[in-house]
Amino acid sequence: MSGFLLVFTILTVAAVTTTGTPTAKQADSVKKFYQENVQNESTCLVFLNSEKDTCLGTLIHKQWVLTAAHCFLPFLEMEIAISDEQFQKRMESLRPMLIIPHPSFKQDSAEHDIALIKLTHPLKLNDRVKLAALPSPTTDRMDNCTVSGWGWSWLNSEKKPDVKINQTVSCFPNEHCKDSPIGKMPVKITENMFCAGLSLESKHTCKEVLAPPILCRNQLQGILSWSQGCVLRGDVGYYTKVSRYTEWIHRVISTY
């Protein structure tokens with residue numbers, strides 16, 4: 001199949017970031033946190049830039065990227081999520097050929113909030129660009145988990161995200177997720193989702209790139225569907241459970 005499959009989807013419970021004017025104390029706190037957590041390492045992340053928001057995608061194959069279905073499409077620009085401008089100039093351009101959301105995804109639900117993007121050509125991997133491993137459909141170990149994402153060191157920055165954060169988190173049983181403040185939103189928590197964070201609270205103000213992945217034991221276990229806080233600072237986030245979709249992912253890749 002060739003050409004573009006452009007899918008416009010808006011999820012009413014999509015991730016919420018606060019961009020109001022911070023106090024000097026808040027801004028200094030956020031800036032200090034991000035500066036202390038700058039990461040200069042290899043990545044499996046891709047920036048998906050649209051007219052509305054920037055989302056993250058995760059490379060799972062030389063020609064396929066996994067992301068959240070609620071991200072605004074089409075993407076005006078795709079690039080490897082590395083802040084090194086010289087490295088970016090050396091990298092080949094990334095362009096989507098197909099955008100395939102899960103067929104059961106609906107705008108009024110967080111269920112099946114997952115999508116695949118096929119690039120126009122296979123990406124050349126190197127020591128800075130790597131692939132994330134998919135979990136098996138029967139994976140149930142959710143320990144040693146890290147949310148990997150990007151944020152802005154200043155809340156109202158209009159520039160590109162400038163710092164990468166790796167935040168260690170814990171995954172909570174779904175019955176606990178329902179007791180969190182976000183769990184009281186009119187969204188049904190199902191076995192296709194899970195929540196994770198340092199706690200079940202949302203207490204920080206920040207600006208983060210949407211749809212960061214969560215990796216447990218180096219396997220891609222989740223993609224952020226929504227949050228009311230800052231998942232890169234440990235606030236609770238609700239994730240699509242990738243292991244529930246591993247077979248669908250393999251079917252799509254083998255078909256297209």
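A residue is called buried when its relative accessible area is under 20%, exposed when that area is over 50% and partly exposed in between (1.4 Å probe, protein chains only). By this rule Cys230, at 1% relative accessibility, counts as buried. The structure is a predicted model, in which local features need pLDDT of at least 70 and side-chain atom pairs count only at pLDDT 80 or more, while totals for chains, interfaces and linings use all residues. Residues are numbered from 1 along each chain as its sequence is written, and side-chain values use heavy atoms, with hydrogens and water left out.

A search of the whole structure finds four disulfides, a disulfide being a pair of cysteine sulfur atoms within 2.5 Å. One of them joins Cys206 to Cys230, with an S to S distance of 2.1 Å, and the link is left-handed, with -125° about the S-S bond. Cys206, at 2% relative accessibility, is likewise buried.

In the disulfide of Cys55 and Cys71 the sulfur atoms lie 2.1 Å apart, and the torsion about the S-S bond is about -105°, so this disulfide is left-handed. Cys55 has a relative accessible area of 2% and is buried, as is Cys71 at 1%.

Cys145 and Cys216 also form a disulfide, their sulfur atoms being 2.0 Å apart; here the torsion about the S-S bond is about 110°, so the disulfide is right-handed. Both Cys145 and Cys216 are buried.

With bonded cysteines counted along the chain, the disulfides follow the pattern 1-2, 3-7, 4-5, 6-8. Cys171, by contrast, is in no disulfide, and the nearest cysteine sulfur, that of Cys145, is 3.6 Å away.
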